[in-house]
Amino acid sequence: MMLVAGVDSSTQTCKVTVRDLATGMRVREGKASHPPETIVHPDAWWNALLTAVRRAGGLDDVVAISVSGQQHTPVFLDAAGDVVCESPLWNDTASHSQMVDLNNELGREEWIRRTGLPLTLSDTVTKVRWLRDTNPEAAGRTAAVAVVHDWLTWRLMGFGPGTGGVDQLITDRSEASGTAYWSGETGEYCMDLFEHAFGKSAFLPRVLDPLDKAGVTGTGIPGIPAGIPIGIGSGDNAAAALALGLSEGDAVLSLGTSGVVYAKSATPVHDYAGYVCSYADATGGHLPLVATLNAARNFDLGAALLGCSYTELSNLALQAAPGANGLTLLPYFEGERTPDLPNARGSLHGASLTNFNRPNFARAVIEGTLASQVAMLDTLRDCNVNAGRLLLIGGAAESPAVQRILNQMVDVPVVVPEFDEYVTKGAAMQAAVALTGSFPSWQVAVAELPTAPLEAQIVQQHAAAKTMLGYDEAKSHQLAG
Amino acid sequence: MLPTITVDVGTTSIKLCMFGAGGGLVASARHATPTVQDAWGEIYDLESLTGAVVDFIRDLEPSARASVKRVAITGVGESGGLVRPDLSLASPMILWHDHRGADYLAPLDPADRALIYGITGLPVNANYGLSKVAWAAAQAREAGDHAQWLNIAEYLAALMTGQRWSEYSLASRTMALDLNLGKWSAEACALVGLDVGIFPELRNALDGSAIAGDYARATGLPEEVRIHVAGHDHMVGAVGAGLQHGELLNSTGTTEGLLFLRDAPSLNESSEQSKLANGLSCTGADYTLFASIPTGGSAFATLQSMLGMTAEQLSACVITLHERYVAGQVDLSAVPLVLPQFRGSPPPTKRASARGVIAGLRTDTSAEDLVLGCFLGMALQFQDVLKLFPTQPDRIKVIGPASLNQLWLQLKADLLGTPLSVSQLNEVVSRGAQALASDISCDWDTCQPEDVLVNDRRHARLGEWYAEIQPQWEYLKGVPA
């Protein structure tokens with residue numbers, strides 16, 4: 001059996017999965033936690049990768065490897081290859097004012113026209129401006145800007161602090177498309193946008209094609225054999241889409257720390273309404289995507305307030321009627337990205353003596369979370385990206401209440417792929433590409449949920465609560481500064 | 001005082017007491033207020049209610065029962081039903097918060113509403129009896145011939161005496177009483193198509209009636225016992241608390257009441273716009289100015305149910321929070337802002353359709369934060385309503401279950417910057433009823449009041465906090481239901 005390894009360096013953890021090259025079946029895996037903070041030294045991610053490799057039993061028997069990871073989050077390197085400073089994660093909200101500035105300076109539509117991205121505080125370009133504004137000295141020493149998976153790939157190639165070689169950094173289309181200084185139309189960087197944001201030029205990783213190879217592993221990396229091929233890697237969602245075998249007409253709802261909805265598209269989109277991010281996928285196509293900051297972690301709060309487990313939260317929610325008798329939750333607990341409300345907090349609406357009870361509250365938590373996700377499907381539709389089938393994945397996908405309630409909120413079939421680490425699987429497929437020159441044909445088993453009548457009031461309540469708090473107007477105002 | 005059985009029909013419970021000649025409690029019982037559903041909503045279950053009263057009397061020690069001189073009945077205002085001369089019912093006995101008659105008020109134009117306020121001192125609202133009487137009369141048609149409207153307390157008195165009459169403080173909650181003349185208003189009745197004869201004769205709470213022989217025999221009460229309708233529970237509480245002009249009675253039951261005694265009704269534009277309710281005291285000697293906050297002590301049960309706590313657990317949580325609060329260990333900025341309109345809004349809006357909102361939820365919000373936020377919101381709501389009155393109190397007397405909730409009391413005192421004088425005795429309302437039936441006035445000192453003092457540092461901190469959240473608080477109050 002030939003084995004390949006896929007790495008997912010996500011927001012919270014690093015996961016390494018070793019798979020059978022022929023079938024994609026998982027053979028073994030290892031995990032290591034990332035720091036919980038939203039500004040982190042990149043060494044923590046490299047160390048976590050090495051720990052996860054060790055916990056996976058090492059990769060001595062692996063013939064290729066590839067890394068996927070959290071999108072957007074930059075790593076700032078000097079000419080010697082040293083990390084210049086700690087990195088702000090994509091979900092760090094401190095870059096909100098930089099987002100406003102960049103939109104004001106060039107115009108919101110210009111960013112969308114050039115890059116396909118309605119600029120958010122998560123995009124790499126706003127982090128670059130944040131560094132320029134908050135730490136000019138570090139910005140001055142920065143010679144190259146990579147994204148997490150680019151940098152980890154570069155480390156696997158044997159580069160690192162003091163080695164130089166930042167000109168050997170590589171990336172893929174999906175990762176480049178999340179920077180907001182890359183064009184989906186041309187497939188090239190928009191260096192003028194980068195330099196506008198950063199105030200100077202810097203080396204950016206070379207963008208490889210889907211069937212390219214990043215290089216081979218360097219020597220002396222604990223647990224990782226030297227000289228094996230390295231895949232080009234990708235952003236996490238592109239890796240998952242690849243592993244799921246996404247076709248046009250499919251949309252994916254990923255309920256993890258954040259909520260993400262994306263679909264495969266042959267062409268980039270330009271959503272001047274400001275919701276859809278036009279990312280590239282890992283196959284040469286495009287992956288228009290909408291994301292929320294708050295998703296499955298909403299269930300942590302719900303379970304904590306009710307003093308119950310996730311299973312009990314799900315059971316309670318299923319005891320309540322659709323609409324939770326009018327109890328409505330806007331789950332913007334840590335601010336929100338879609339809609340753009342960085343200073344918002346969660347709110348509960350319509351509470352009365354009769355409806356403010358445990359089943360309704362549990363249901364309101366799940367409905368509120370899913371309503372934010374379903375709203376994103378509508379925005380994709382507004383960009384002529386239509387979903388005929390919805391694939392539900394992520395940590396919360398197994399919840400019976402999530403499955404039942406989601407089914408009551410959308411008018412397309414919902415399927416739940418069998419549990420897998422799809423990001424590591426996609427990365428492993430890219431490792432296979434580095435070895436064989438083509439994508440492997442690994443199967444995905446899915447279960448289609450039984451159909452349920454559409455309960456339109458759930459989405460209506462959510463929309464009414466947003467209107468009540470003026471959040472509809474807030475988006476355009478805040479984007480305009 | 002005269003040995004007295006008191007009956008207090010509250011929103012959530014019926015309190016039955018017997019007090020001896022010295023005012024000491026001889027016996028007591030409490031039952032959940034029995035209700036059943038009809039086609040329009042919840043109504044009194046009269047068989048259970050009257051049965052509970054009879055059982056209480058029968059279960060008294062024979063010597064105690066033989067000593068009884070008075071029965072004094074008090075209860076919620078605004079409830080009632082149509083009662084025929086033979087004391088059979090021509091309508092359901094409707095609860096105070098029932099709005100089944102609202103359609104009869106809808107056609108009233110601003111001039112009609114101003115006229116009603118000028119006559120009755122009440123802002124037009126479907127809680128008050130008038131629209132319920134119109135509804136009941138329309139439903140009963142000819143079956144309602146000669147029927148008269150009695151409040152639930154008045155109905156119980158009618159069953160005990162065979163006579164139908166209305167007590168002044170309860171009559172002043174019907175929106176049919178001419179406050180200045182102390183007579184039923186034909187003009188107000190005509191606005192909803194009623195003849196003034198549908199209301200019974202008026203009597204002072206001091207004027208009782210002889211017990212009917214049948215009722216005396218059925219219960220074992222002496223035949224010389226006299227039955228008094230003591231009046232509206234909040235007004236009877238004022239008697240029990242020895243309320244003086246210039247003092248505020250803060251009665252805390254299921255709802256929270258604010259009551260001043262006055263020499264004359266306050267019928268000016270400000271009071272009308274503030275929807276303050278004028279009325280008559282139980283003795284008829286004073287006018288009253290009253291506002292009710294729909295969500296009072298009921299919030300405790302709501303929180304208990306929602307958070308899955310026993311009463312003991314929630315009490316322990318409140319005690320812990322109180323200790324942390326007075327020790328300065330509460331971070332107010334982390335506490336969610338709770339608009340506790342779980343049962344509609346208080347004056348000046350008095351919208352039955354208003355609902356509670358909880359804003360400022362974060363992923364680290366705890367159950368304790370919610371509890372604190374709820375009582376803080378109730379203190380804010382109290383402060384808002386108090387500001388509506390034309391005069392501010394020399395002293396605030398607190399009666400009811402809140403006397404056990406040190407957190408709620410301390411938050412209120414610190415927020416207002418005004419000390420509270422809090423009765424340590426239960427059932428001040430029932431003691432007021434005994435005093436009325438005995439034609440004796442009460443002294444506040446007999447309620448063994450304790451002061452809740454203001455802490456200057458906490459008052460200042462709450463003031464700063466209020467300044468920060470005030471815009472959001474005002475916004476939330478203004479959002480449509």
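Q: Two strands pair if DSSP finds at least two bridges between them. How many bridges join strand 20 of chain A to strand 21 of chain A?
A: This is a predicted model, in which local features need pLDDT of at least 70, side-chain atom pairs count only at pLDDT 80 or more, and totals for chains, interfaces and linings use all residues. Residues are numbered from 1 along each chain as its sequence is written, while chains are lettered from A and ligands numbered from 1 in the order in which they are written. Strand 20 of chain A covers residues 389-393 and strand 21 of chain A covers residues 414-417 (helices, H or I with at least four residues, and strands, E with at least two, are DSSP runs numbered from the N terminus). The two run parallel, and the number of bridges joining them is two.

Q: Which residue in strand 21 of chain A is the bridge partner of A:L390?
A: Strand 21 of chain A runs parallel to strand 20 of chain A. In strand 21, the partner of A:L390 is A:V414.

Q: In what order do the seven strands of the open sheet in chain A stand?
A: Strand 16 (277-280) and strand 22 (446-448) of chain A are at the edges; each has a single partner strand, so one side of each has no neighbour in the sheet. From one strand to the next the twist averages 30°. The pairing is mixed, and the order is 16-17-15-14-20-21-22.

Q: At about what angle does helix 13 of chain A run to strand 21 of chain A?
A: Helix 13 of chain A, residues 400-409, lies across strand 14 (250-255), strand 20 and strand 21 of that chain. Axes are lines fitted to C-alpha atoms, for helices over the stretch in contact, and angles run from 0 to 180 degrees between N-to-C directions. The angle to strand 21 of chain A is about 155°.

Q: Which residues of helix 4 of chain A make the contact with helix 2 of chain A?
A: The axes of helix 2 (residues 96-106) and helix 4 (residues 124-134) of chain A come within 9 Å and cross at roughly 105°. Helix 2 gives A:Q98, A:M99, A:D101 and A:L102 (contact: C-beta atoms, placed from the backbone, within 7 Å). Helix 4 gives A:V125, A:T126, A:R129, A:W130 and A:D133.

Q: Which element of chain B gives the largest share of the side that touches chain A?
A: In all, 23 residues of chain B are in contact with 23 residues of chain A. Helix 11 (298-307), strand 20 (356-361) and helix 13 (367-387) of chain B each give two or more residues to that side. The largest share, six residues, comes from strand 20 of chain B.

Q: Which residue in strand 20 of chain B stands opposite A:L348?
A: Strand 19 of chain A, residues 346-351, pairs with strand 20 of chain B in the antiparallel sense over four bridges. Opposite A:L348 stands B:I358.

Key:
Two residues are in contact if their C-beta atoms, placed from the backbone, lie within 7 Å.
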